[in-house]
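Here is a briefing on one model, grouped by topic. Look over the sequence and the structure before reading on.

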Amino acid sequence: MRPLLIEIAISHKDLKTIWTPELNPIQMYKKNTTPYNYIIYVISRYKYALAMKLSCILLLANCLQVSAFTYAQTISLQKEQVSLVEVFNAIKQQSGYHIFYDARLIRSIPPVSVNVHDVSLDEALTESLKGLELSYKVVDKNVIISQTVYENDPENKPVALQDSVVTGQVTDELGVPIEGVSVLLKSTARGALTDVDGNYRLQVSGGNTLVFTNVRYQRKEVSIASARVVNVTLTELINDLEVVVVTGYSTEQKKDIVGSVSVVNTDDLQSTPSSSVSNQLQGRAAGVTVSASGDITGGAKVRIRGFGSFTGSDPLYIVDGVPMSGGIDNLNPNDIESLQVLKDASAASIYGARAANGVIIITTKKGKAGPVKVTVSSYYGINYTDKNSFPTLLNAQEYGDLYWRSMRGAGLQIGDAGWGHPQYGNGAEPVIPEYVLVKNDGGALGGTALESLKLSNPTLFASMVDPANYDFATHQIVRAGNTDWVEESFINAPQQSYQLNFSGGSTNGTYMLSLNYFDRKSTIAKSNFFKRYSIRSNASYNMGSHVNVGGNVQLNYNNSNTSLSGASAGSSWNISPLIPLYDISGNPASSFAPGTSGEGARNTVTEAYRNRFDRNENHGVFGNVYGDFKIIEGLTARTSLGFDLVSRESRNFTPQTYEHAENISVNQLEVGENNQMSWTWTNTMTYKRTFAEKHAFSVLVGTEAINNDNKLLSATRLNYPIDQQDNPSFHVLNAGLGNQTNSGTYSRNSLFSLFSRIDYAYEDKYLLNATVRRDQSSKFAENNRTGYFPAAALGWRISSENFMKGINWLDDLKVRASWGIIGNQTGLNNENQYNVYVSDIAQSYPISGQNSSKSDSYTLSRIGNLQAGWEENITTNIGLDASFLHNTLSLNLDVYNKKVDGLLVQNQPAFTGATGGSSPTQPYINAGKMYNNGIDIGVTKRGNINKLQYEVGLMFSKYKNEVTEILDNPLATLVGGNTRLGDVARTVVGMPIGMFYGYEIDGFFNTQAEVDAYAANYRTWLVPEVGRWRIKDLNDDKVINALDRTNIGNPHPNFQSSLNLNLKYKDFDLNAFLFWNQGGDIFNLSRYYTDFNTFNLNRSKRMMDESWTPELGDNAKLPKLDILDTYSNQNITNYFVEDASYLRLRNLQLGYSLPASILKNAKVDRVRIYVQAQNLFTITKFTGLDPDANLQGDDLSMGISNRPTPTPKQILFGIDFAF
Amino acid sequence: MLSCTTDFLEQDAIGAYSESTLATPKGVNQTLIGAYSLLNGVNGMAVGPGQFLFGSIRGGEAHKGSATGDQPQMIEVQKFEVTGVNSSNQAFFQWHYNGISRCNSTLSLLAISEGLTDKENTQITAEARFLRGHYYFMLKRLYGNIPWIDETTADVRVSNINEAGEYIDIWPQIQADFDFARKNLSEAQKDLGRPNKWAAEAYYAKVRLYMANEGDQSGYVEVQQVLNDIMANGKTNQLTPFNLYANYHDNFNPETENGTEWVWGVQHSVNDGTTGTNPPNGNVDMVYIGTQSGDGPGLGRGYGFFCPTQWFVDHFRVDANGLPYLDNYTTNPNMVKNDDGLSAAAPFTPETNPLDPRLDWSVGRRGIPFLDYGIMPGQSWLRDQAASGPYLSKKYFTLKKDDGKYTARGSSNALNIAVIRYADVLLMAAEVEARIGSTERARELVNRVRNRMVMNSDSPENWVKKDDGTNAANYDIHVYPLGSSAFSSRENALKAILHERLLELGLEGHRAYDVIRFGQADGNTDTEELNAYISFESQLRGYLKGGTYSKVPDMLMPIPQSAVDNSFFNGAVTLKQNPGY
């Protein structure tokens, strides 16, 4: 009936018999309960690993004193030199009884011969087990085979305490009672289990030593001597090597993994509350680089072991066996049971296509057989931005002062053309005006004009600023302010989550049902929010003993407003401090005031309000249904149909504005719909068998078909009734009266794969794993469609060798090596293969000469490449796993080299063809090479100091990336980071991808003599002047030109490291998580806006204090203040490049669990409350908002920081209940 | 199973046409429309048909405008500090070679298409070659040394130097394209946007004139002959003989476009079913040059670029005889009065000295009606007067009353932009006469252009009027009298003609090209004019300080660095950078 049970490894030492009076089988019968059900009942009271539960089944069964029954049926056996298993099978066939046994027990039993005719079951069993140290028990229709325990071993004669009773309490090191410890009187069959309070009571006749065992704790033997009360403290045994983890289409024990796999501790992961698992992953796995932003959706960018592609290096996420294409951020992180990162080819290549950049395998929580368990978790917290982390910007008076200094710096004098400011007057010193703006029927009168009007025509002035004449559209009146926009813009934003889980099950199946509500507000835009409602149902049913079917399904609905336009962090930096929040009538005041306008500098407070009706709604169904079929012993077939359906709707209303520098004259509504449907059908067959006890084989073959569909629809209408633009009921397309536009696209791609995997282990000592996958992708033309991707890995468990036997401090030592190839096609458009001609209305022409008609065209919109084929990622990995000191110290080390051949690079044709604006999209061609090598180290130490339990985890990752070929052209560059300054980043052969590229500043011109000498010797675009920057003539040709640019910064970190500390003392627990990014550069584009005369934006204090003066000389950082300096901010220089190093306390959490003694009466298993602070401090020299910007933007543009929303700090309070 | 897999993995391009669709009469015709569609450039001021950046701003007619820090690469163009990585420069280069590529595609497709009559075949070839000639002309005069790519070129990595390492001159190929076009295009085309025979003749003459300026002296004779033919026989697509419009402003009004003065240019349309914030067939340059003021021209949603210089405005001063000052027009005492630095509230009286009436159709200045938008109020219509100076450009704005009719969202409008209008033909003819013919004949031709402004002075569409019907400013203009000293010598005549080109064609994207080709012909016009402009204007707008023009390298733009890099072929780059870069 349950062969699976027998497959579960049970350590031999657990097979000790225990006996406890409560487990009286007679009573069970009286209750009309089958022993099996009773066993389940017992299991349900245990909360430990499955292995322990199963051992309990056998243990209990072993001591059930059931009289022999007489069976009508008789058994005949005639077996010569056959395995005991075969005998059992025969008995089973004839009797209908199921026979339970631990495979290890009979592994070493030599072939037996049995010859009986028409005997009872008892006789048959007795005969079969004759001479073997095995006993049997018959329970109901089950036979349980166990090792014979000799109760009257002469060597263990009872000494003094015969027939006396010992009681006691078993606690852990923190004094918390442990339930379910088996207490065995050594060398007897007598034992007991501790109750919920850790108490036991045991007759100790026949022994003088108690053995305390529990799967979670170190075994302990205590001599009872004359004691009547024996209290014992057990040390927690942490041996996660036996943890079963999900890897490629199968599971394996962590200790047997020979590929490079990071098993992430999900408790640690979830200690960082977030809406998104990618965000939680930062620093949790060696070799995984995560970069988050403060954006409200909480998403983050994940890179595994550097970069594998120019077309996107996102890892593949597999959730419950299904690739999640609609974005991992839709997954409710609270549902995650386990998370593994597959990093090398041998581990990942079974996933073939899309696995090239690593695979993140997630399983969600499943129910366990037993009565319903309920857990409730919730937290509520506040996200806030530490305003001290902002660079200091100028206030209204300082801005004026700086402006005046800049005019003087340009050699201007009072009265000159160009002297003065539309707000601060034309005088010798800047004067803050009374009003910054009176709109005069469209025209904008600024402060200076109004001040002069005040003198020249007081009557007109009075009427202009008379509130009676106020009209928001035509006659706005705005007083001067002195606004600290950073202070006004950033707000404290709550975040909350409520999670309810039900789980349980029976022999027939298990279920897990979870509900979650997550709600987060934005720290920058008051109207922004992100809400997610999700429901997960994971269920599994046994249909008879051979078939198991189930499904894991998540439904989610997200409702958010993430519309920032104008309410961004950048706006709060840029907008002039002279602008108040509101005009004299309480309407938004903004950038229309003369002399204050500038790119995107908007009134952040009112922009957020304006956007309050914008919505994104996201409906998702994700999961799979599957069936497992046990065909014969060891052979399992599985079929799984996975689906990922995402439906997104967006509604973006752009109201008419009156006070913008770039007003929106016609309001509009844009509605978007996006439907994505992916399905994955996977079929696998696995055969597992151990031959001659030494050769453990497992073979897997499978097929997989994946189909992705994506539909987009978007529509816009202009001109909504102006008096209804604040009425969301009118925010439907049909209410618009003006121009209507629409667009829609559809795309599809598909994959078909065959794959196979073989695992072989010899005596658990030598491990081999080999995989091969054949992938076919619709993205390639038929002739190049198929790719074969092999991989292999070898492992050697040195610690299992005989010569290592004596080394007690070493528990496990394994070295492993792997090599493999993975194909990649991520990011490639399905139409890459085709020449695509379109009749695009944007490429039409009004050939008739009429003013409102056009003729259609055919243009080439995409050039196809029939030759494109798979990118090949070739990874070599050498690793070491070690476990020391009773598994309290573990080390994982991996060194790798990841080479990418046939890198898909977008063709860069000569500019004498069709390139640039409105030209066809160039195809991707296999014309690049790149490699990454690196090292990942993880070290964990656990232990205790008196009652303080600790666990320290250290993670270290370092990679080096270099591009070795692009497009057969040594001059070819892939540009990235398109900014107002031009293309900041450049990828070339011989360098890592995405290097910052520009001019190097060579100090200042400090004297006129230096200027003259320079002007005489150099031909240059720069204008040499005292106080300005010199630019290095790198090629020494006396001409400063494009050839003098060089790599001025490297966005890749030297290394990343993290420290995770868990402490537990009595009922308290503490988690601290530090993340350290060392090295690498950030291109701080924010400086372009705040440190130069760029638009009429607010300026930094830096500009005031660090601009060149004769006194500062070369100690200055910026050129002299000069209102006419247009060149210093025109070019990409190393002024913008800053060190990206930072050390951040990502997480600090303090928890308290109510003592079990209090909870017992309340029938609550666990109550834990905690407070937590995220990002409490960041130590960095970076002058921007958030140094964690390395991976923002696409890979060719990483590390460019353009005034992002900084990652907020967070304080939250949480509570967890378990019933 | 395997065949099932094949179907499963097969996914055609969606919403697209196959090549076979194109090799049909309809396919070829629509592909040709694709070649036209790049004329109305939507890729910013650098490639817009008005040649605002490389023609006008580079020639000193206008400032970049907007605010400091906005599109700083345009300042490099203005100050002759362009490097190979200038983004506007790169956009221009790529845009026009893309146009050439579309013309070549049309010609290649034509070769394999069936079902076209010989006549249709010839007509399409002629139009495609005309367009190709146009795109090449734009590139040739800006870069000089560029390779020739046509429908027979297999790999576009063609070198711009010969085996001896000398630059290859592709003027002859450009000439050949227009020669084919003028010999094969019909006189009347139903679609007014297509060039007719006479448009091709005019463009041919223009190309030959540039060639002649650059040293092919014999070409002047041919130019003279072709232009005379045009003036005698030239007709529009509607078979109306070419002539100047009665009113100057008719050139800048969608109501009157494609008329008798229209030789050939770029068609714009709005509300034609195209979509987007800036409809692709509209005059998208308006998005850049529109004002940011709610009641200002351009729907208040522009970026405030392209602001005329004081130096440009000063050209419009006239003497007591109603004639321009051909010398010392840029000296300070003669500056046309402006409101630079003056707030909109402060009182201001515009210039009272006599001015050429064309000024107020070209430039928006304080105190003068701006079309039907009312009196231009000064500072409040400028985005950042300190950066851009006190003026707005005026030729490309449509009337306020036509908002919605000739304008679309953003601030695009339907106004066509002429590449060659008849006034240009007359002035080219005058120039050739001055160079190789009779200065008297040159005077007559210049006077034909001036005479439109002299006549018809009561029309509010010819001389800008205030609401009360009086002239908006003290306008005065006369023709050059017989024996005028301005035409007393070849040299003087050319000076007068160059000046007249600015007055008549100002801000229409000609200036930099004109000055440089005049400099090609006489050796110094470009150096003198452009440096005089910078030294004058930099006193008013300090950011121009330090700019200087030297023939080498500034006569040509650098070939974009990426164009050089991407021309790598067989172990070397095939494009040689221009001299001095």
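Which residue is the bridge partner of Ser182(A) in β8(A)? The partner is Leu193(A). The model is predicted, and the predictor gives the complex an ipTM of 0.95 and a pTM of 0.81. The points below start with confidence, then go through strands, a helix, ring contacts and charge pairs.

**Confidence**

- Chain B has an average pLDDT of 92. In chain B, 98% of the residues score at least 70.
- Helix α8 (residues 171-184) of chain B has the highest mean pLDDT among the elements of that chain, at 98.
- Helix α1 (residues 2-9) of chain B has the lowest, at 70.
- Where pLDDT is low, predicted coordinates should not be read in detail.

- Strand β7 covers residues 182-185 of chain A. Ser182(A) and Leu184(A) point one way from this strand, while Val183(A) and Leu185(A) point the other way. All of them are buried.
- β7(A) runs antiparallel to strand β8 (residues 191-193) of chain A, and 3 bridges join the two.
- β7(A) also runs antiparallel to strand β10 (residues 209-214) of chain A, with 4 bridges between them.
- Within the β10(A) pairing, Val211(A) stands opposite Leu184(A).

**Helix α19 of chain B**

- Helix α19 of chain B spans residues 525-537, which makes 13 residues.
- From first C-alpha to last, α19(B) reaches 18 Å, close to the 18 Å expected at 1.5 Å a residue.
- Buried positions in α19(B) include Thr525(B), Asp526(B), Glu529(B) and Leu530(B). Tyr533(B), Ile534(B), Phe536(B) and Glu537(B) are buried too.

**Aromatic pairs**

- The count comes to 66 aromatic pairs over all chains.
- The ring centres of Phe1068(A) and Tyr1152(A) are 4.7 Å apart and the planes meet at 40°, so this pair is tilted.
- Phe1068(A) belongs to strand β55 (residues 1068-1078) of chain A and Tyr1152(A) to strand β58 (residues 1142-1153) of chain A, so the pair ties together parts 84 residues apart in sequence.
- Phe1068(A) counts as partly exposed because its relative accessibility is 41%. Tyr1152(A) is also partly exposed, at 25%.
- Phe92(B) and Tyr143(B) form a tilted pair, 6.1 Å centre to centre with 50° between the planes.
- Phe92(B) lies in helix α6 (residues 87-112) of chain B and Tyr143(B) in helix α7 (residues 118-143) of chain B, so their contact ties together parts 51 residues apart in sequence.
- Both Phe92(B) and Tyr143(B) are buried.
- These two rings belong to a cluster linked by ring pairs.

**Charges over rings**

- Arg182(B) places its charged end over the ring of Tyr204(B), 3.7 Å from the ring centre.
- Arg450(B) lies over the face of Tyr480(B), at 5.0 Å from the centre of that ring.

**Salt bridges**

- Over all chains, the structure holds 89 salt bridges.
- Lys1209(A) and Asp386(A) meet through their side chains at 3.4 Å, N to O. This pair links distant parts of the chain, 823 residues apart. Lys1209(A) is in strand β62 (residues 1209-1218) of chain A, and Asp386(A) is in the loop between β22 (370-384) and α11 (396-409) of chain A.
- Lys1209(A) is buried, at 15% relative accessible area. Asp386(A) is partly exposed, at 24%.
- Asp1105(A) and Lys1101(A) form a salt bridge at 3.5 Å, N to O. Both lie in helix α19 (residues 1101-1106) of chain A, 4 residues apart, about one turn of the helix.
- Asp1105(A) is partly exposed at 44% relative accessibility, and Lys1101(A) is partly exposed at 27%.
- Arg517(B) and Glu431(B) meet in a salt bridge at 2.8 Å, N to O. Arg517(B) sits in helix α18 (residues 511-522) of chain B and Glu431(B) in helix α15 (residues 422-436) of chain B, so the pair ties together parts 86 residues apart in sequence. Both residues are buried.
- A network of salt bridges links residues of chain B, among them Glu261(B), Asp356(B), Arg358(B), Lys395(B) and Arg450(B).

Conventions:
Residues are numbered from 1 along each chain as its sequence is written. Chains are lettered from A and ligands numbered from 1 in the order in which they are written. This is a predicted model: local features need pLDDT of at least 70, side-chain atom pairs count only at pLDDT 80 or more; totals for chains, interfaces and linings use all residues. Side-chain values use heavy atoms; hydrogens and water are left out. The expected span of a helix is 1.5 Å times one less than its number of residues. Buried means under 20% relative accessible area, exposed over 50%, partly exposed in between (1.4 Å probe, protein chains only). Rings of Phe, Tyr and Trp (its six-membered ring) pair if their centres lie within 6.5 Å; planes under 30 degrees apart count as stacked, over 60 as edge-to-face and the rest as tilted. A charge sits over a ring if NZ of Lys or CZ of Arg is within 6 Å of the ring centre and within 35 degrees of the ring normal. pLDDT is the predictor's confidence in each residue, from 0 to 100. Two strands pair if DSSP finds at least two bridges between them. A salt bridge is a side-chain nitrogen of Lys or Arg within 4 Å of a carboxyl oxygen of Asp or Glu.
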